[in-house]
Structures are given as C-alpha cells and as structure tokens.
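Colleague: I am new to reading models like this one. Please take a close look at one part for me, and then lead me from there to the rest.

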2 protein chains.
Amino acid sequence: MNIKDFIRDMPDFPKPGILFRDISPLLADPRTYRYVIDQFYERYKNQSIDLIIGIESRGFLFASTLAYKLELPLAMVRKHGKLPPPTVFYEYALEYGNDKIELPSNAIHPGNYVLLIDDLLATGGTALASCHLIEKMGGKILEIATVIELGFLNGREQLKDYKVFSQTVYD
Amino acid sequence: MNIKDFIRDMPDFPKPGILFRDISPLLADPRTYRYVIDQFYERYKNQSIDLIIGIESRGFLFASTLAYKLELPLAMVRKHGKLPPPTVFYEYALEYGNDKIELPSNAIHPGNYVLLIDDLLATGGTALASCHLIEKMGGKILEIATVIELGFLNGREQLKDYKVFSQTVYD
C-alpha cells in the first residue's frame, strides 16, 4: 500500500508558498487508516512503552487508536490554556514570537518510556519542544513516530538526539 | 465500571464559575478508555453507518478509535482555517460573536448516515452546528454520541430533532 496515494497536496495553505499535506483522504479510507495504525502497532507491540503521548490535534487521531490497541496509557500534549491545571509547560521560540505547550502534571512518572506521536514531521519544532517537556517531567523518549515526514525541512537534524520513525517521506 | 471515577472535576476552568470535566484520567487508564470505546462499538456495530465524524479536538480521541474498530470512514469537523480548501462551512452564534466550523467538501455523499462523536455534550451548540453542517452537505444524522453529558445545561433540548447517546450524565 502506498500511503501517499491517500495524502492530498494543497498548495498555498495555510499561507502562500506552503504545500499542505492533507490526511483527510487517508482518514476517509478505512483500509489505509487501518494500514497506518497496524504499521505502528507491529513496530511497537513488543517494545517496553509506558505511555503514548499524542500531539494536538491531528496526532490524537493516531495516538488514541494505537494506545487502544497496545492497551497503554494515553496523554495529550496541548497548546497552553487547553488543559486544566495543574500542568507542566514548556515554552519555545517560533519564527515570530513564542509558543507554549503543556501536559497534565501527573501524566509522566519519572523514568517512564514515552512514545510520542504526531501525524506529520515538518521542521520538528513542536516535536522537539514536546521531547523537552517530557524530559523536564522525568520521562524518556522511546521514539517519535509520525505518518508523514517532510524530509526537505530537516526535522531529523533538529531531533538528532532522538529516534524518529515515519511511515512515508517527501523529499 | 463507573466512568465518573476517571473524570476529574476542575473548578473555575477555563474561566470562573465553570466546572471543567477533565478526561485526562480516563485516557491515562487503558481499561477505562477501552471500556468507553467498547461501549460505543457494541452500540453501533450492527447499525448502518456510512461515516464517523469527530468534533475537534477531543472528539478525535474517540471517533478515530471507533472508526478503526468499525472499519468506517472518518472525517474531522474543525474550526475555520484548519482544514485546507475546498471545505463547506457553517456559521453559528456564540454567547459573544460567531463561530465557523468546516468539513472537507467531499466528506459526505448525499444520503450518507453519519455518527457524530464528541467527548462532552454541554449546551449542544457545537453539536447542533455540526448537524446543520452535515445536513447542508446532504448527510443524515444517525446519532450524536458523547462520553459525558452535562444534563443541567439541557443540550438535549437544543438537539431535540436528533438522537443523542451519552455514556455518563452529570445532573
């Protein structure tokens, strides 16, 4: 199965010059969505993982189903202000200004191995911030897993201290 | 199993006077999350459903896993500006100002039966707007399914033209 057949390219979204990779066709095709989940499942089913964390909000679509199948705890990394207190936050620089992400304070026990999931790896900024947040809380990153990787944006370089797995790469 | 044991009350979030129902403990407990998904699965497994639609963003956590189990297409209702064009939108009034939700233009074929999923039913404003959007696109609402219902906010009254199912109610 070629996942790319179910990813639609949308030029100039959300702003001019950006080529958006739309996973709506993948979600709309149950066989392809099942294939993607099962690929993750096969990769992680025999690994020692304590917790799956999904990155808001499309990461939830893959993290939740995988957590169900692996029978593992699930937590959400969210933008500041979405999760009720108490939370732990991590602030990081964007192209213009800063952003702040959070996890529930009790989401991670020290030493927990975390599988971090998102739909897409671009520059890796949010994934890296999520790793820093998880480590700040005492967790260890088993791997960062994404469906799509935009290879030309060199997210792996930014995430060079971590293992990264993606199901399909755009060079 | 009592789902409420895994829902945490957080007073005055996101603003004073609001009692927030936090599903983080439910997600963190694989048995409870599994129970919730399986309750939905048992209810819908023999029904004629063409499409599952999850409401952004906590609705994704339940809609996606259920779509996987039922082997059904999945679509996301999102706030305006998150989905690439072409989309169909529906605008609705909030307490202060308006809001606008969208679906991909090709998400629904006329006559499709849709199961609409969210984590929580409060006043029902977003669910009602989602139903109107789905109907505008030619879909029919099989049922609106939520994990938590805040009964005292009378969401069912606002949604009286539709079937509503919730797994646990706060009166």
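Modeller: Start with E71(B), which sits in the loop between helix 3 and strand 4 of chain B. One caution before going on: this is a predicted model. The phi angle of E71(B) is near 55°, a positive value, and the residue is not a glycine. Most residues other than glycine have a negative phi, and most peptide bonds are trans.

Look at the loop between strand 3 and helix 3 of chain B, where S57(B) is found. The peptide bond leading from E56(B) into S57(B) is cis, and its omega is near -15°. Now follow chain B to the loop between strand 4 and strand 5, which holds P86(B). The bond from P85(B) to P86(B) is cis as well, with omega near 0°. Chain A has a positive phi to show you at D12(A), near 60°, again in a residue other than glycine. D12(A) belongs to the loop that links strand 1 (8–11) and strand 2 (19–22) of chain A.

Next, the sheet of chain B. It is an open sheet of 7 strands with mixed pairing, and the strand order is 5-6-4-3-7-8-9. Strand 5 (87–93) and strand 9 (164–170) of chain B are the edges, each pairing on one side only. From one strand to the next, the twist averages 20°. Take one edge in detail. Strand 8 (residues 140–150) of chain B runs parallel to strand 9 of chain B, and 6 bridges join them. To see a pair of residues facing each other, find A145(B), which stands opposite F165(B) in strand 9 of chain B.

Two helices pack on this sheet. Helix 2 of chain B touches strand 7 (113–121), strand 8 and strand 9 of chain B. Its direction makes about 150° with that of strand 8 of chain B.

Now turn to chain A. Its open sheet also has 7 strands, in the order 5-6-4-3-7-8-9, with mixed pairing. Here the edge strands are strand 5 (87–93) and strand 9 (164–170) of chain A, and each pairs on one side only. The twist averages 20° from one strand to the next. Inside the sheet, 4 bridges join strand 3 (residues 51–55) of chain A to strand 4 (residues 74–79) of chain A, and the two run parallel. Helix 3 (residues 60–70) of chain A lies across strand 3, strand 4, strand 7 and strand 8 of chain A, at about 165° to strand 3 of chain A.

Last, see how the chains meet. In chain B, 35 residues are in contact with 35 residues of chain A. The area buried between the two chains is about 3100 Å², and carbon and sulfur atoms give 65% of that. The count of salt bridges between chain B and chain A is 0. Polar contacts do occur: 14 residue pairs across the interface, both residues at pLDDT 80 or more. On the chain B side, the elements that give two or more residues are strand 1 (8–11), strand 2 (19–22), helix 1 (24–28), helix 2 (30–44), helix 3 (60–70) and strand 4 (74–79). Helix 3 of chain B gives the largest share, 6 residues. By type, the chain B side divides into 20 nonpolar, 5 polar and 10 charged residues.

Key: Residues numbered from 1 in each chain as written. Chains lettered and ligands numbered in written order. Predicted model: local features only at pLDDT ≥ 70, side-chain atom pairs only at ≥ 80, totals over all residues. Heavy atoms only, no water. Contact = heavy atoms within 4.5 Å. Buried area = accessible area lost by both parts, 1.4 Å probe. Salt bridge = Lys/Arg side-chain N within 4 Å of Asp/Glu carboxyl O. Polar contact = N/O pair within 3.5 Å; in protein donor to acceptor, adjacent residues only side chain to side chain. Nonpolar A, V, L, I, M, F, W, Y, C, P; charged D, E, K, R; others polar. Pairing = 2+ DSSP bridges. Axes fitted to C-alpha atoms, helices over the stretch in contact; angles between N-to-C directions.
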